[in-house]
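Good morning, colleagues. Please turn to the sequence and the structure on the screen.

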Amino acid sequence: MDDQISSTTPSYGFQHDEEEEHRADKHVNSLQDEAADFSIREAVADVPEDDDILDLAGGAKDALERHKSTLPRTEEPLLDFAEPEPSSISKPEPEAVKPALISAFGDATTKPTKPEEKTTVTPSKSKSSCSLVDLLYWRDLQRTGVVFGASLFLLLSLSVCSIISVLSYVALALLSVTISFRIYKGILQAVQKSEDGHPFKMYLDKDIAIPTEMVHKYSDTALGHINAVVKELRRLFLVEDLVDSLKFAVLMWILTYVGALFNGLTLLILGLIGAFSWPVIYEKHQAQIDHYYGLVNKQIKDVVGKIQAKIPGAKPKTE
């Protein structure tokens, strides 16, 4: 009986060991499964699915469409998630080239691409006439005052003394100034023990020779004026035009009275004063002077026309 029980019934210790081994294997397998599931969940969580992204975008788009439908027609949504058409995408335009900044000294920060053209300044014929106009209109007060004062003093001296006396006195005045200055500079150099040299060395070394081109230029101009005057006198004295010859005769008759009242120097003095005063007066009162000059000129033309009508053979000039 005891043998039969021992052969057919397992012992309690062996059965307990098997249960422990089975429970441990099951626990290990469950731990491995949990680790594998955790790694898979982490990988899936790192990379979002496309379906989820599309669902989110679709939901946002539906919400925007519903918001558009609620807005009035005049208003426009601030954002538009619609995909732009390929033709509406404009390429970025190149920025315009800005001009180079110029500093206070006139130097540009970038050099010009094109070479600058060199302009050659040629001496103008009207340069001397412009300087004369500046003198007469008192543009430079100091220069005009010196020229006008020296010329007026010379003419007044000629009206009192002879030309020889005037030239002698002018030469003595210049020599007294230059000699005194030369002695003064010599004494000053001796006291200071300096070697400055001659005080007028700059003027002594300067070339004061008159160029032949200038002589030919002014001689040709003077010769042209002289020939024009000779031709005009020949035309007047030989009575080529009767009216012009009569005008010239009236002018000479008036000058006889002028000569009895004034001499040549007085006329020169009056002419000098008029040359330096009349342009300024005319510039300030041009409108009034032109008005009265037009009236006088019209009266003179009427008188001349009546005289030409009464003189036989006198024909007015056709303009």
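Let me begin with two residues, tryptophan 253 and tyrosine 257, both of which are exposed. Please bear in mind that we are looking at a predicted model.

How many aromatic pairs does a search of the whole structure find? The search returns 7. I shall present two of them in detail.

The first topic is the pair between tryptophan 138 and phenylalanine 276, whose geometry is edge-to-face, with 6.4 Å from centre to centre and 80 degrees between the planes. Where do the two partners lie in the chain? Tryptophan 138 belongs to the loop between helix 4 (127-136) and helix 5 (141-160), whereas phenylalanine 276 is in helix 10 (residues 264-284).

Together with Phe148, Trp138 and Phe276 make up one aromatic cluster.

I return now to tryptophan 253 and tyrosine 257. They too form an edge-to-face aromatic pair, with centres 5.4 Å apart and 90 degrees between the planes. Both are in helix 9 (residues 242-261), and because they are 4 residues apart, about one helical turn separates them.

Finally, a charge and a ring: the charged end of lysine 217 is placed over the ring of tyrosine 218, at 5.6 Å from the ring centre.

Thank you for your attention.

Key:
Residues are numbered from 1 along each chain as its sequence is written. This is a predicted model: local features need pLDDT of at least 70, side-chain atom pairs count only at pLDDT 80 or more; totals for chains, interfaces and linings use all residues. Side-chain values use heavy atoms; hydrogens and water are left out. Rings of Phe, Tyr and Trp (its six-membered ring) pair if their centres lie within 6.5 Å; planes under 30 degrees apart count as stacked, over 60 as edge-to-face and the rest as tilted. Helices (H or I, at least four residues) and strands (E, at least two) are DSSP runs, numbered from the N terminus. Buried means under 20% relative accessible area, exposed over 50%, partly exposed in between (1.4 Å probe, protein chains only). A charge sits over a ring if NZ of Lys or CZ of Arg is within 6 Å of the ring centre and within 35 degrees of the ring normal.
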